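Look at the sequence and the structure below. The text after them takes a few parts in turn.

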Amino acid sequence: MSLLPPVAKTPLFGHGRYWAECFGDAPFLPMSRAEMDQLGWDSCDIIIITGDAYIDHPSFGMAIIGRLLEAQGFRVGIIAQPEWQSADPFKVLGKPNLFFGIAAGNMDSMINRYTADRKIRSDDAYSPNDEGGRRPDRASLVYAQRAREAYPDVPQVLGGIEASLRRIAHYDYWQDKVRRSILLDAKSDILLYGNAERAIVEIAHRLSRGESIRNITDVRGTSFLRRDTPKGMFVLDSTRVDAPGRVDRILNPYVNTADLAACDIEKQKSAATYAGSAFSSELSNAASDRGFGTFSSNSMPGANDIGAPIEVTPGAWGDLTALPDDTTVVDLLPAGSVSKRSKLPARDDTVIRLPSYEKVKADPVLYAHANRVLHLETNPGNARALVQRHGENDVWLNPPPIPLTTEEMDYVFDLPYARVPHPSYEGARIPAYEMIRFSVNIMRGCFGGCTFCSITEHEGRIIQSRSEDSIIREVEKMRDVPGFTGIVSDLGGPTANMYRLACKSPVIEAACRKPSCVYPGICENLNTDHDPLIKLYRRARELKGVKKVLISSGLRYDLAVQSPEYVRELVTHHVGGYLKIAPEHTQEGPLSKMMKPGIGSYDRFKQLFDKFSKEAGKEQFLIPYFIAAHPGTTDEDMLDLAIWLKKNGFRADQVQAFYPSPMATATAMYHSGKNPLRKVTRDSEEVEIVKGDKRRRLHKAFLRYHDANNWPLLREALRAMGRADLIGNGKQHLIPTWQPATDGQYASPRKKNTSTIEGVSVKVQPQKSRASQRTPQKGQIQTQHTGLPPRDDGSRAPRRPR
């Protein structure tokens with residue numbers, strides 16, 4: 001088995017096109033029978049059902065998948081935000097010839113519908129006129145059931161982020177319980193997780209050739225139900241990977257000398273790495289005794305607990321080619337030191353069995369263990385298949401999809417998108433579209449590994465970047481979009497400055513099992529060269545008709561400080577007065593559970609930001625984001641954060657409490673009280689969990705220490721914490737003793753032009769000229785999130801009479 005990253009057998013653009021390619025590209029994918037008639041179609045081959053309004057723009061999943069399938073020669077229709085009270089709206093385009101593709105939309109429908117306090121939102125940024133309630137709760141499940149009712153014999157392919165995050169048994173924050181895989185409730189035939197271009201194209205072509213969807217079980221990035229384990233597959237119980245409870249230590253099964261034998265000596269000298277083992281010292285001694293040299297453990301504290309690599313001393317293993325092909329590290333140990341059952345076949349022939357749904361539902365420790373093992377099996381280069389029992393069925397997860405190459409990314413983004421909403425929405429305002437219509441997505445994925453974030457679980461840790469030429473072509477096309485004024489609102493992605501950043505060695509990247517490339521520090525194997533991004537920025541802003549290129553995506557500042565020239569370029573040319581970054585907290589406790597850098601990284605970035613802003617003759621501001629009530633956060637941590645905010649002159653306008661999204665590592669902490677970043681045992685590390693409305697309100701109140709409505713709650717808490725010294729009327733005090741007349745309730749300043757996307761509060765502003773915006777004056781304090789001076793919403797206390 002090769003240690004090089006896996007490569008797709010057929011590129012996205014390498015499939016033979018379906019016969020219906022003769023109909024050509026549609027101006028918009030049809031949403032009605034009348035549009036189908038205009039195109040000359042008698043039927044659709046594939047119908048996509050989505051919970052979002054149909055916007056033909058590559059920032060929206062239904063548009064990417066629809067246009068990609070169209071480019072393969074299929075006729076694709078769209079049913080957007082159907083009424084779900086009956087099956088009739090699901091028949092509007094007739095019966096599809098191949099399958100229904102079903103997704104809740106760009107957002108999880110529950111996060112879209114409910115706040116972190118489980119209150120119903122009145123708006124929906126992905127709906128016409130910001131109208132809430134146009135999709136059901138658990139939309140993927142409901143749409144699948146109605147589509148089955150409409151056409152029982154039509155195959156169903158479930159996808160999108162909602163299905164992706166619910167592919168196995170998962171904790172459901174809204175019901176406060178563990179729910180089973182969405183596959184069983186939706187009764188769909190197959191689930192596609194992650195970015196699904198490869199899988200959807202292969203499935204479409206195989207179905208078009210008459211293959212039954214029940215026989216399609218070998219596609220990466222898919223999940224499906226089966227009763228029995230296929231012959232020839234070795235089933236590895238997950239407790240052998242990371243055993244919960246008090247058990248004897250066992251050999252980590254990921255170290256396999258057959259992998260070593262596949263590498264030649266030159267690859268060994270390029271620092272090939274292997275997954276960590278609790279037996280590293282035993283392995284080193286045994287290997288030395290056998291004349292094979294030594295292992296050396298990664299020196300990072302706790303490294304072996306989070307699956308860090310074991311490095312092989314170059315040349316230490318001698319002539320590995322002389323060993324039998326099925327040799328494992330067990331064979332290098334003294335006889336009887338480890339059970340021979342630790343000898344494992346190749347990864348491709350192994351499936352890891354997670355604890356069953358019934359077990360993880362009843363036992364939070366087993367839930368945390370299953371979550372940890374799932375996250376260890378996310379690298380496409382070394383991940384194994386997973387299986388989890390649900391009653392009489394097994395939910396089977398094939399290894400993650402192979403990331404797209406640059407050529408394939410260009411192919412996807414160069415498809416003929418109209419870049420505007422479907423004409424049926426004429427006159428309607430769709431906030432999510434307004435926010436991104438003049439932005440360009442330059443990459444996918446994130447190797448930050450933040451435990452509260454869903455991006456890594458969905459898009460993966462390997463960065464998939466477009467070519468510079470493809471990005472420039474999209475900017476040039478954007479100049480023809482109605483309303484373009486010359487301002488490109490963003491060149492970014494999940495993280496603004498991860499474009500073309502990757503591991504220095506494909507061999508190391510394929511073997512690595514670390515959850516993050518930048519925590520607790522930046523990996524020495526990570527290329528942090530920002531020069532390609534600098535070159536892209538310069539080329540984009542020199543385009544005719546482009547007045548300014550802004551960077552609005554979140555910035556990874558610990559990476560940015562590795563390239564002061566990048567910070568200079570960004571600050572001098574691409575900041576529109578305010579730049580958002582996300583320290584999330586200031587204290588080590590919560591930061592260690594988030595896998596975020598210490599506040600010192602923020603301080604270093606701020607120094608560069610202020611320095612280059614001054615050199616450019618600009619007054620610009622950093623807008624930091626923070627999270628309240630995250631696992632691992634104590635009341636004292638929030639107090640320290642409030643003191644830091646006051647000291648640094650920040651007043652949070654909008655605050656975000658931790659939102660437990662399905663499958664996230666932080667959600668496993670929230671549910672179990674355990675830390676899945678380290679080996680999970682019955683007596684392993686306990687994590688501070690903030691539950692209960694009053695305590696969650698308190699943590700949010702610390703972020704809004706300046707709001708008079710929060711002062712009674714904060715006074716009570718400060719006295720209980722022994723910090724009454726922070727109550728007073730001086731500058732050194734956090735809150736005053738004097739209380740104005742208030743209703744005592746938290747008054748959110750959230751307006752109709754604000755939306756929450758994947759748990760992050762985002763300000764969606766109508767287009768304004770710079771002159772019409774208020775400019776902070778000396779002594780005024782800019783706010784978190786909006787970056788504007790505090791607005792008078794009635795919650796600020798009047799000046800105390802003298």
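The model is predicted: local features need pLDDT of at least 70, side-chain atom pairs count only at pLDDT 80 or more, and totals for chains, interfaces and linings use all residues. Residues are numbered from 1 along each chain as its sequence is written, and side-chain values use heavy atoms, with hydrogens and water left out.

Helices (H or I, at least four residues) and strands (E, at least two) are DSSP runs, numbered from the N terminus. Helix 7 covers residues 197-208, and its twelve residues reach 17 Å from the first C-alpha to the last. That is close to the 16 Å expected at 1.5 Å a residue, where the expected span is 1.5 Å times one less than the number of residues. Ten of the twelve residues in helix 7 are buried (under 20% relative accessible area, with a 1.4 Å probe and protein chains only). Among them are E197, R198 and H205. Just after helix 7, G210 has a positive phi of about 95°.

Next comes an open sheet of three strands, in the order 22-23-25 and with parallel pairing. Strand 22 (578-584) and strand 25 (656-657) each have a single partner strand, so one side of each is left without a neighbour in the sheet. Two strands pair if DSSP finds at least two bridges between them; strand 22 and strand 23 (residues 621-628) have five. Y578 stands opposite F621 in strand 23.

Helix 25 (residues 693-703) has buried residues that include R696, K700 and F702. Strand 23 and strand 25 are among the elements that cover the buried residues of helix 25, counted by contact (heavy atoms within 4.5 Å).

Notes:
Buried means under 20% relative accessible area, exposed over 50%, partly exposed in between (1.4 Å probe, protein chains only).
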